[in-house]
Amino acid sequence: MAWNILSHFVTTSKLTQEAAAQLAERSQREEKHPADLLLEDGLTTETEILDVYSSVFRLPAVSELAGRAVVQEFREQVPQTFAVRPNLIAVEGENGSPEIAIAYPEALELVGELAQMLNRELTPVFAKRAHIVSLISQAYAHHPAELNQALREVAQQEVERLVVDIREGEDLLDVAAKAPVVKLVDMILLRAIRMRASDVHIQPYEDKLQVRYRIDGILYDVMTPPKKAQEAIISRVKVMGKMDIAERRLPQEGRTTLRLADRQVDVRISSVPTCFGERAVLRLLDKSLSLFELGDLGMPERELETFQRLIESSHGVVFVTGPTGCGKTTTLYAALNRINSPEKNIITIEDPIEYRIPGISQIEEDPKKGVTFAETLPYILRQDPDIIMIGEVRDFDTARIAIQASLTGHLVFSTAHTNDSATAITRVLDI
């Protein structure tokens, strides 16, 4: 955000240029917000800072949050780490409509994202940091009741190994008669789906077991189940994926389908051995989530216009790049949804199919049956496609066929695991 409170204080002659530069340097070195340094040095008061924010951004400032109830959806769907870092909390407003209390103006960038996550309109208000931190502590003092109960039951049990069959499409909400460890794993997945996590990490350490969720590309620590339940939890996860629970020395992969009431969720499971026991990662693919429109992805207007022009080309190749969990596949689906029409023959090969789009032929990769990107692409080209979407270019043959197809009148979409667009060129050349 271009606006800075130090610059404002210089403009209003409350701070010299030299003093502002020194505070800016301290802010970077000590990793503290400039407003906090102004308070530490006694150069202003928090009330004055809130008045400045309110005046500059034309938003209300509240002097007290005591007695305000935290919005329930915020507590259930937003991780504590996400709330703590920018210092924000959603509270019920005095007129009944929810408000998002923020301590710093930089957090305004997150208001739209939070409103979309909670599916509610949020009015931003400025509030004192100490009041926000207090509400965050109260809101996240405990896990949800059912999860807390499952954790207690597991801690009380002598758990050695658990082997329980799982029904395909089992409903996560049906936990009443299940064994404690089964219930705990179900609750971990239930909470992850409600928080719109893309991945669940179950990671063993020497003295603890850590569960982490990846939400919008960022990993958050969410809970620490009892260490003694580690083998039982991992065994339960492997049973869900129809994996060999007796094999603990080799990496394994599996998959299953779960239900959350009327929602269906595909789960891809991967386990690898570590020095402290097996580690598992579950990729969650919620089939009930609707496709995003291109305009909803948050692209700046100029980049959106460029991208729309590219995806409407008659031929060529479009690579969407970025780190894990950044939204590459979501962007490609939004692009395909935009250009999908009866006049175009669109075929995709994916691993796995995350959304089903009417009018598009979608193929799921299955290496065990010989259905791989490289081996299937030549057959796709014989299907007279106008547009091809390849889940990922990861080897020479896939890259070669994709480039050749783009040069012979086809429009090709794919992803590449690079941190930025420039590196994609090096990556393709390297392949």
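Colleague: Which residues does Gln77 touch, not counting residues up to four places away in sequence?

Modeller: Keep in mind that this is a predicted model. Gln77 sits in helix H5. Leaving out residues up to four places away in sequence, what Gln77 touches is Met117, Leu118, Arg194 and Met195.

Colleague: Is Gln77 buried or exposed?

Modeller: The cut-off for buried is under 20% relative accessible area. Gln77 has a relative accessible area of 16%, so Gln77 is buried.

Colleague: Where do the buried residues of H7 fall, seen down the axis of the helix?

Modeller: In helix H7 (residues 108-118), the buried residues are Val111, Leu114, Ala115, Met117 and Leu118. Seen down the axis, they fall within an arc of 160 degrees, so they line one face of the helix.

Colleague: And what covers the buried residues of H7?

Modeller: Both helices and strands turn up here. The cover includes strands S1 (88-92), S2 (98-102) and S3 (123-126), along with helices H5 (72-77) and H6 (80-84).

Colleague: Which residue just after H7 takes a positive phi?

Modeller: H7 spans residues 108-118. Just after H7, a phi of about 55 degrees is taken by Asn119.

Colleague: How many degrees of arc do the buried residues of H8 cover?

Modeller: Helix H8 covers residues 129-139, and its buried residues are Ile132, Leu135, Ile136 and Ala139. In general, an α-helix has 3.6 residues a turn, so residues three or four places apart point the same way. The buried residues of H8 pack against H5, H6, S1 and S2. They lie on the same side of H8, because the arc they cover around the axis is only 105 degrees.

Colleague: What about H10 and H11: how are they oriented to each other?

Modeller: The axes of H10 (residues 180-194) and H11 (residues 230-240) come within 10 Å and cross at roughly 70 degrees. Angles of 65 to 115 degrees count as roughly perpendicular. H10 and H11 are therefore roughly perpendicular to each other.

Colleague: By class, which residues make up the contact of H10 with H11?

Modeller: From H10 come Val181, Val182, Leu184, Val185, Asp186 and Leu189, and from H11 come Ala232, Ile233, Arg236, Val237 and Met240. By class, that contact has no polar, 2 charged and 9 nonpolar residues.

Colleague: Last one: is Thr418 buried or exposed?

Modeller: Thr418 lies in the loop between strand S15 (411-416) and helix H16 (421-430). Setting aside neighbours within four places in sequence, its contacts are Thr321, Gly322, Pro323, Thr423, Ala424 and Arg427. Its relative accessibility is 6%, so Thr418 counts as buried.

Methods
Residues are numbered from 1 along each chain as its sequence is written. This is a predicted model: local features need pLDDT of at least 70, side-chain atom pairs count only at pLDDT 80 or more; totals for chains, interfaces and linings use all residues. Side-chain values use heavy atoms; hydrogens and water are left out. Axes are lines fitted to C-alpha atoms, for helices over the stretch in contact, and angles run from 0 to 180 degrees between N-to-C directions. Helices (H or I, at least four residues) and strands (E, at least two) are DSSP runs, numbered from the N terminus. Angles under 35 degrees count as roughly parallel, over 145 as roughly antiparallel, 65 to 115 as roughly perpendicular and the rest as oblique. Contact means heavy atoms within 4.5 Å. Ala, Val, Leu, Ile, Met, Phe, Trp, Tyr, Cys and Pro count as nonpolar, Asp, Glu, Lys and Arg as charged, and the others, Gly among them, as polar. Buried means under 20% relative accessible area, exposed over 50%, partly exposed in between (1.4 Å probe, protein chains only). The arc is that of the directions from the helix axis to the C-beta atoms.
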